[in-house]
Amino acid sequence: MAVSDAESTNEWPGAEGTARAEARADALTGAQADARTGTRPDPRAGAQGSVLVVDDDPTVSEVVAGYLERAGFSVRLAADGPTGLRAAEEHRPDLLVLDLMLPGMDGLEVCRRLRAGENGGRPVPVIMLTARGDEDDRILGLEVGADDYVTKPFSPRELVLRVRSVLRRAQAAAPAGAPQGGPEGGPRLAVAGLVLDPAARRVHKEGRELALTLREFDLLAYFLRHPGQVCDRERLMREVWGWDFGDLSTVTVHVRRLRGKIEDDPGNPQLIRTVWGAGYRFEPAPDTGAEHAFRTEDGHA
């Protein structure tokens, strides 16, 4: 895997030696910058949360760990899939940075098993590291439950920003201190057999609890709060993901996954409708009119 501080001018390296050279160069650049500015690892290391980095390239792992630690995170490292999965299960991190290509068990299988073992509990956010251009791998990563991905080569600073963004959403999901009326607060919403509880971060469909990832929950909550509105992918990425940039296919995949969990027939969705050329529209009750079907759990519109 390669890292780079100038994504726009770096292409995917053709050899492992090139990748390691770029990683070492980036580490040296970061160290030199720290020496010039007097920056040292945050003495409150871990104050921002704990991150498990699973990557089989020790050079890249050390570079990523260095940037995360300087940003105030505590970091643990694992060098293969089975070790990473075991580490995540035994000492649950706040977030997992997971390379796709790993010895012993690839990142997709690690993520799949991690999600399967959560049994409806609060999921560990996962950022997948994938090769540039491998769109199928990125989509597969999202489909097995990854919350985000970063393509290689990447800027460690960009990765830190993504980690902060994903963790911010995960931490905001905690019921304690959640702002009422915002994405994590307010009354429970009931529509079309769905009951969404923002404070408890739980969704039921006709009495059965649904296992949604953090992003899926936030996406559904946003749709429920904006019934009948056409939301394009840029708006959803900005409002749900909190990003002004990124691959819009992330939104597409999450909408497809969400449909698979809330629609009676995901192949013919009735709740989340595609408005071709414009985006998506949540229609609580296409047959009776959204203005009468959308209500809070106490029955008020």
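**Fold and helix packing in a predicted model**

Buried residues make up 51% of the 301 residues in the chain. Here, buried means under 20% relative accessible area, exposed means over 50%, and partly exposed lies in between, with a 1.4 Å probe and protein chains only. The model is predicted; local features need pLDDT of at least 70, side-chain atom pairs count only at pLDDT 80 or more, and totals for chains, interfaces and linings use all residues. Residues are numbered from 1 along each chain as its sequence is written, and side-chain values use heavy atoms, with hydrogens and water left out.

The chain holds 10 helices and 13 strands. Both are DSSP runs, numbered from the N terminus: helices are H or I with at least four residues, and strands are E with at least two. The accessible surface of the chain is about 13,800 Å². Carbon and sulfur atoms contribute 50% of that surface. Such areas come from the Shrake-Rupley method with a 1.4 Å probe; for residues, only the protein chains shown count as cover. Among contacts in the chain with a separation of 6 or more, 60% join residues 24 or more positions apart. A contact means heavy atoms within 4.5 Å.

Two packed helices are described by the angle between their axes and the distance between the axes. Axes are lines fitted to C-alpha atoms, for helices over the stretch in contact, and angles run from 0 to 180 degrees between N-to-C directions. Helix H3 (residues 81-90) and helix H4 (residues 107-116) have axes that come within 10 Å and cross at roughly 25°. H3 is therefore roughly parallel to H4. Angles under 35 degrees count as roughly parallel, over 145 as roughly antiparallel, 65 to 115 as roughly perpendicular, and the rest as oblique. Gly81, Leu85 and Ala88 of H3 make the contact with Val110, Arg113 and Leu114 of H4.

A second pair is set at another angle. The axes of helix H8 (residues 233-241) and helix H9 (residues 249-262) come within 9 Å and cross at roughly 80°. H8 is therefore roughly perpendicular to H9. On the H8 side, Arg233, Leu236, Met237 and Trp241 take part. They meet Ser249, Thr250, Val251, Thr252 and His254 in H9.

H9 has 14 residues. From first C-alpha to last, H9 reaches 20 Å, close to the 20 Å expected at 1.5 Å a residue. The expected span is 1.5 Å times one less than the number of residues. In H9, 10 of the 14 residues are buried, so this helix is largely enclosed by the rest of the structure. The buried residues include Ser249, Val253, Leu258 and Ile262.

Helix H7 (residues 214-225) has 12 residues and reaches 17 Å, close to the expected 16 Å. Of these 12 residues, 11 are buried, so H7 is largely enclosed by the rest of the structure. Among them are Arg215, Glu216, Phe217 and Asp218.

Met128 lies in strand S4 (residues 126-131). Its relative accessibility is 1%, so Met128 counts as buried. Met128 and Leu98 are 30 residues apart in sequence, yet 4.9 Å apart in space, C-alpha to C-alpha. Not counting residues up to four places away in sequence, Met128 touches residues including Leu98, Cys111, Ala146 and Tyr149.

Leu210 belongs to strand S9 (residues 208-210). Leu210 is buried, with a relative accessible area of 8%. Leu210 and Leu194 are 16 residues apart in sequence and 9.6 Å apart in space, C-alpha to C-alpha. Leaving aside residues up to four places away in sequence, Leu210 touches Leu194, Val203, Lys205, Lys261 and Ile262.
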